[in-house]
Amino acid sequence: MQLRLVTYNIKSGLYHPDGLEAVARVLEEADPDVVALQEVDRGTRRARNEDQTAWLAARLEMPYHCFGAATPWDGGGEYGVGLVSDLPLVGPKVDHLWVPHGEGVGHGAREPRVVLSATVEANGKGEALTVMVTHLGLTEEQRARQARQLLERVQEMGGRPVALAGDLNAHPDSPEVRLLAESLHDVLAHVPETERVTFPSGDPEMHGHDFLARTIDYIFVNGAAKAVEARVIADYSLASDHNPCEAVIAV
């Protein structure tokens, strides 16, 4: 089985004047089998009370979707991560990740973080890939702890094929990403960071000398899965402030 997986931080559909429709056009062009979404709203006022994961699933004519709530939103609704798929999503599970608490911890650092996992099954073939989607925290300490939790979650899969995707808020040479790379394969590890810019969106060559341009979005696979091809999708339409990443994964 081969699956085309795209990971995309969509900034709640707030970055482009066309909102989620602009996001949908980018995803439609990529033609994925599975989409891992970050910064997704469900029922918030700013999202016009829309379930954005469900909306994108309907717009892309992908029949399966699930949402992992991380943060209750002021005024109602939730904010978190999601999965959209052409194939069934079996056993969706949300695990909360460590965040600091106490006096002196800023609001951003306290923001709840989760990982949403579900198994994508090829109907009648007995082949499956568990996809995990996450959005890690803002400080190195919490990302390091969260990375260890993610590895523990992968180990719980018992050697079954796994893909981990999302916005990790960290460079490839950061301790937390290197920790993940000790056990998992970064599907774009062979590409220089200057050529795999995922933030800000648009042409990576535009940001060659911009110290803020960086790789912070990833797809990892474990040893039971193989990335056949992978790329950063340079989104010239600027549907979000991130470029999506794509991998064709074989299990």
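Let's start with the neighbours of E39. Leaving aside residues up to four places away in sequence, E39 touches N9, I10, K11, S12, Q52, Y79, G80 and H135. Please keep in mind that we are looking at a predicted model.

One of those neighbours deserves a second look. The side chains of E39 and N9 are joined by a polar contact of 3.1 Å.

So where does E39 sit along the chain? You'll find E39 in strand 2, which covers residues 34–42. And is E39 buried or exposed? E39 has a relative accessible area of 15%, and because buried means under 20%, E39 counts as buried. Now look across to G108: it is 69 residues away from E39 along the chain, and the two C-alpha atoms are separated by 14 Å.

Okay, let's zoom out to the protein chain. How many helices and strands does it have? There are five helices and twelve strands. The radius of gyration is 17 Å, close to the 18 Å that the globule rule gives for 251 residues, so the chain is as compact as a globular protein of that length. Along the principal axes, the C-alpha atoms fill a box of roughly 50 × 40 × 40 Å.

Take the contacts between residues at least 6 apart in sequence, and 70% of them join residues at least 24 apart.

Last, the surface and the charges. The accessible surface comes to about 11,200 Å², with 48% of it belonging to carbon and sulfur atoms. The chain carries 22 positive and 38 negative side chains, and the centres of these two sets lie 4 Å apart.

Conventions: Residues numbered from 1 in each chain as written. Predicted model: local features only at pLDDT ≥ 70, side-chain atom pairs only at ≥ 80, totals over all residues. Heavy atoms only, no water. Helix = DSSP H or I, 4+ residues; strand = E, 2+ residues; numbered from the N terminus. Rg over C-alpha atoms; globule rule 2.2 N^0.38 Å. Contact = heavy atoms within 4.5 Å. Areas by Shrake-Rupley, 256 points an atom, 1.4 Å probe, with all protein chains shown as cover. Lys, Arg positive; Asp, Glu negative; His and termini not counted. Charge placed at Lys NZ, Arg CZ, Asp CG, Glu CD. Buried < 20%, exposed > 50% of the residue type's maximum accessible area, 1.4 Å probe, protein only. Polar contact = N/O pair within 3.5 Å; in protein donor to acceptor, adjacent residues only side chain to side chain.
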